[in-house]
Amino acid sequence: MSHEKYIIALDQGTTSSRAVLVDHDARMVDVVQRPFTQIYPKPGWVEHNPQEILFSQLGSLTELIARHNLSENNIAGIGIDNQRETTIVWDPSTGQPIANAIVWQCRRTAELVEELCGNPQVAQRIRQKTGLMPDAYFSASKVRWLLDNVPGARERAEAGELLFGTVDTYLVWVLTGGLVHATDPTNASRTMLYNIHENRWDEELLDLFGVPASMMPEVRPSSGSFGETSYPGVPAGIPICGVAGDQQSSLFGQCCFESGQAKNTYGTGCFLLMHTGGEAVESKNQLVTTIAASAPEVDHTEYALEGSVFVGGAVIQWLRDELGLIRTAAESEALAREVPDTGGVYVVPAFTGLGAPWWEADARGTICGITRGTNRSHLVRAGLEAIAYQVSDLVRAMEADAERPIDVLNVDGGASANDLLMQFQADVTRRTLHRPQNVETTALGAAYLAGLGCGFWKNTSELSALRADDNVFEPHMEVSRAEELLAGWAAAVHRTIAPC
Ligand code: ADP
């Protein structure tokens, strides 16, 4: 294969769509990004216009192609990673969505989920089959809502006239000119309609949520054929050969191909995923079990444990936008370095409750330990440290579930650029952190899956050899000091749960 060829990753996120050009050395040559509108029709509701997602994604793709004068001759393949769980229902005869996409963050179906899955036995069965905890977050109740609330939708769905898809599925369907209606196991595993052990849509769950099986996409391996491009304005005949949900894509992009390897993404929230090989580990600590993206060389389903922190980098946005303590997120590092520690101050950013391993939906944020000498550097430092403490709690929960330590934590995401945060993370978690040169691992994962799917790269060993670390953070803090800080954090969390 000639080295002048490229892979294009379509990185379809929650707030923007990006097209990323990746060369044979796995370098990101260029990126085109287009934001799209967030629609909030009512408190707690979040929608996207599927056409707008489509045009932002195709616009970024065609601009990238034009900028580099690319044609079907030098694009080896296209990979897609996407915001997960977001639900689209459309009419294949016209290509028109029947309504806006219901976004993963949307809480409109919380009561519906309580009604359908409130029975502990039902909840247990869902957990056992899908690896998920029943929640409005996942796609199942969102499809049900669309069928119940869009006039005529249920009849049309039952007559086989409507299709369901997560965003990957919709993009593949459009890009292939309506030929391929398919998703991959990582996206399927986030719908709460997929049996992750038997690798198929689950009839009992489709019945429970009232979703006709005829609407469901075919599930194809994450790295392999999803058809070829056939859409006006896009060079024809380019293979689409990699698809994964964003977090699994970033696990793959970090070259975590084997059991025990883990990554944490420091974005608005934080997402920790640990590869567990062929074993679907059931969590005892309120994490979820999900399907990992696999290379074509792997002949069985691979799994991951996943946990998330709701407020990660968002605490820095809060310090910037609501408290006005900093002008930019990056400034947080220099300010935090002005003090050796927080002087006993803890910020617990439980703005929307606390996630794993605490699971306190009603908890609200707290700042404690303030003295007359507390200044903005202490507060900013405490905000950064709060990100690390929350991730540290997740790491401990995950290690307990997996019954093995995370020896190396691979890091990425916007806030992973902060060296002080990374060093503190290594210190309190007492684990080594590896930060790759290219922290855009989500897009890289989609590119890798596509590149393996079309023979651009041979196998995962070749990809691992291309990975270059920018920095390694080793724990340096005294164990007794780390324990003292963690005890202070636990006490602060306790106050958040039971405020004075
Ligand atoms: P997302 O993909 O969730 O939009 P990004 O990976 O782009 O997030 O990361 C953005 C988040 O990281 C923001 O919440 C921002 O506050 C935080 N962030 C960005 N740079 C830094 C930094 N140098 N130090 C601390 N936080 C940062």
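Cys117 is buried, at a relative accessible area of 4% (buried meaning under 20%, exposed over 50% and partly exposed in between, with a 1.4 Å probe and protein chains only). Cys256 is buried too, at 2%. The model here is a predicted one, where local features need pLDDT of at least 70 and side-chain atom pairs count only at pLDDT 80 or more, while totals for chains, interfaces and linings use all residues. Residues are numbered from 1 along each chain as its sequence is written, and side-chain values rest on heavy atoms, with hydrogens and water left out.

As for disulfides (pairs of cysteine sulfur atoms within 2.5 Å), the structure has zero. For Cys117, the closest cysteine sulfur belongs to Cys106 and sits 16 Å away, so a bond is ruled out by distance. Cys256 is in no disulfide either, its nearest cysteine sulfur being that of Cys255, 7.7 Å away.

Now to a pair of helices (DSSP runs of H or I, at least four residues, numbered from the N terminus). H10 covers residues 314-321 and H12 residues 376-402, and the two pack at an angle of about 160° with axes 9 Å apart (axes being lines fitted to C-alpha atoms over the stretch in contact, with angles from 0 to 180 degrees between N-to-C directions). That angle makes H10 roughly antiparallel to H12, a label for angles over 145 degrees.

On the H10 side, the contact (heavy atoms within 4.5 Å) is made by Val315, Ile316 and Leu319. H12 brings in Leu379, Val380, Gly383, Leu384 and Ile387.

Note on methods. Angles under 35 degrees count as roughly parallel, over 145 as roughly antiparallel, 65 to 115 as roughly perpendicular and the rest as oblique.
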